[in-house]
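Please keep the sequence and the model in view while reading.

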Amino acid sequence: PDKSYPDMIMKSLPAVIITVEQAIDYIEKVALNYEGPLVIIATPIFSKFPLFDGFIYKRDKKKSEIVGYQCKLGRASPEEPAPKGISRGYLIRGKEPEQTNKVKGWEYLEKAEIIKLLGYSLEDLYPNEWPEIPSSNNSL
């Protein structure tokens with residue numbers, strides 16, 4: 001089979017996985033079941049999962065990495081940087097900045113970078129219009 005295109009797997013993390021370290025271990029074990037290029041999108045189902053709304057594992061011929069992302073509608077941002085084992089933490093929220101910047105060690109992505117992260121297959125998930133951000137005392 002042609003392995004120039006990665007296999008793509010979507011997984012819900014089992015409810016017993018409640019830490020970032022457990023998520024990394026689980027995703028790496030899932031990846032062992034596949035050869036060649038691979039993308040795994042994993043989302044926690046534990047409602048109080050710390051720091052991340054999901055993970056993306058990417059493997060090509062040269063390397064593999066796990067990135068984490070947190071989605072926000074309002075202006076809040078993570079209080080701590082992405083932990084060890086996570087290559088990068090992405091902050092994705094309504095009304096993206098004009099250019100990508102860093103917020104408390106997280107990459108706060110502009111529209112083009114969000115679409116690049118989503119890739120061709122998922123770019124239609126990016127909304128044409130963001131909902132109005134509710135009033136909040138959180139500011140950036």
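**Core, strands and rings**

The largest nonpolar core has 23 residues, and I27, I40 and F55 have the most contacts inside it. A nonpolar core is a set of buried Ala, Val, Leu, Ile, Met, Phe, Trp, Tyr and Cys residues joined through side-chain atoms within 4.5 Å; buried means under 20% relative accessible area, exposed over 50%, and partly exposed in between, with a 1.4 Å probe and protein chains only. The model is predicted: local features need pLDDT of at least 70 and side-chain atom pairs count only at pLDDT 80 or more, while totals for chains, interfaces and linings use all residues. Residues are numbered from 1 along each chain as its sequence is written, and side-chain values use heavy atoms, with hydrogens and water left out.

Q: In what order do the elements of the chain run from the N terminus on?
A: The chain holds two helices and seven strands. Read from the N terminus on, their order is β-α-β-β-β-β-β-β-α.

Q: Which residue in β3 is the bridge partner of I40?
A: Strands pair if DSSP finds at least two bridges between them. Strand β2 (residues 38-44) and β3 run antiparallel and are joined by five bridges. Contact means heavy atoms within 4.5 Å; leaving out residues up to four places away in sequence, I40 touches I9, I27, V30, A31, F55, I56 and Y57. The bridge partner of I40 in β3 is Y57.

Q: How many residues of strand β3 are buried?
A: On its other pairing, β3 runs antiparallel to β4, with six bridges between them. A hairpin of four residues links β3 to β4, and R59 stands opposite S64 in β4. Strand β3 (residues 54-59) is mostly covered, and of its six residues the number buried is five.

Q: What distance separates the side chains of E65 and R88 in their polar contact?
A: E65 is found in strand β4 (residues 64-72) and is buried, with a relative accessible area of 13%. Apart from neighbours within four places in sequence, E65 is in contact with I56, Y57, K58, S87 and R88. A polar contact is a pair of N or O atoms within 3.5 Å; within protein, one must be able to donate a hydrogen and the other to accept it, and residues adjacent in sequence count only if both atoms are side-chain atoms. For E65 and R88 the distance is 2.9 Å.

Q: Why is the pair of F49 and F55 edge-to-face?
A: Rings of Phe, Tyr and Trp (its six-membered ring) pair if their centres lie within 6.5 Å; planes under 30 degrees apart count as stacked, over 60 as edge-to-face and the rest as tilted. By this rule there are three aromatic pairs. The ring centres of F49 and F55 are 5.9 Å apart, and the pair is edge-to-face because the planes stand at 85°.

Q: Which residues form the aromatic cluster?
A: F55 is buried at 0% relative accessibility. F52 and F55 form a tilted pair, 5.1 Å centre to centre with 50° between the planes. F52 is buried at 2% relative accessibility, and F49 is buried with a relative accessible area of 10%. The one cluster consists of F49, F52, F55 and W106.
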